[in-house]
Amino acid sequence: MKARDIMVSPVITVASHASIKEVAKLFLERRISAVPVVDGQGKLVGIISEGDLLHRSETGTERQRPWWLTTFTGQDTLAAEYTKAHARKVVDVMTHDIITAGPDAPLNEIATLLEKNSIKRVPIVKDGQLIGIVSRANLVQAVASAPTRLNIPLSDTMIRDKLLAHLRAQDWAHTFLLNTTVNDGVVDLWGLVNSDAERAAIRVAAESIPGVRAVNDNLSMRPFESGY
């Protein structure tokens, strides 16, 4: 799947000259937590979110620092915080440096952008124009609506071969320390693992094979001092 397959479109937007109060009302009325900012030609120029409205003069929530800490805070930082708290227009509060993606970006790329940059949404842009937006919630929706794969049960021998071949392709799996037996769809895992994380991953790999009815974990933690 790609960004175009799950993005929200058309996108609710605001102009940079819109007032902060208008944006706050928009958040409440549309039950959204952020909105892209566009110019007169529909070009994305920023984004404003609930986080940008946390420290505001109207609510008395401006950032407060002890006097001694203020002396260590740069004047530019203090000035920027003042602007964010007192500005009346979106252009003075919005985030200008925006991380975007194209409509053909694969979902794993979108997920990486969200995680790496600690953001909650990615505007989707094509030829400089905003055409959609993908949020964390949209990725969760994609998981919930993903079709169930048509799995044809495999024979015990095929289950074992498929599992071992899959594990050999994983960098984290130490297959030379592993063995497995399969009887009537029940997988027994044997051998040594380096960690609980490896143990869990091996179990999940076994459970994902079509035809597996149950998995018995007989794995033991690898004794590092034994010289293996």
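Okay, quick one before the pockets: by a pocket I mean an open set of grid points where a 1.4 Å probe fits, with protein on both sides within 12 Å along at least five of seven lines, and a lining residue has an atom within 4 Å of a point. Keep in mind that what you're looking at is a predicted model.

So, the largest pocket. Its volume comes out at about 590 Å³, and 26 residues line it. If you want to find the middle, look for Ala 34, Ile 47, Lys 120, Arg 121 and Ile 133, which lie nearest the centre. Which elements give two or more residues to that lining? Those are S2, S3, strand S4 (121-126) and strand S5 (129-135). By class, the lining of this pocket splits into 14 nonpolar, 7 polar and 5 charged residues.

Two of those strands, S2 and S3, also sit in a sheet, so let me show you that. It's an open sheet of 3 strands, ordered S1-S2-S3, with mixed pairing. S1 (14-15) and S3 (44-49) are the edge strands, each pairing on one side only. S1 runs parallel to S2, residues 34-38, over 2 bridges, and Ala 15 stands opposite Val 38 in S2.

Now the second largest pocket, with about 290 Å³ of space. It has 15 lining residues, and nearest the centre you'll find Glu 62, Arg 63, Arg 65, Glu 81 and Tyr 82. Where does the largest share of that lining come from? Helix H4, residues 75-86, supplies 7 residues.

Notes. Residues are numbered from 1 along each chain as its sequence is written. This is a predicted model: local features need pLDDT of at least 70, side-chain atom pairs count only at pLDDT 80 or more; totals for chains, interfaces and linings use all residues. Side-chain values use heavy atoms; hydrogens and water are left out. Two strands pair if DSSP finds at least two bridges between them. Helices (H or I, at least four residues) and strands (E, at least two) are DSSP runs, numbered from the N terminus. Grid points are joined across faces, edges and corners, and a volume is the space filled by probe spheres set on the points. Ala, Val, Leu, Ile, Met, Phe, Trp, Tyr, Cys and Pro count as nonpolar, Asp, Glu, Lys and Arg as charged, and the others, Gly among them, as polar.
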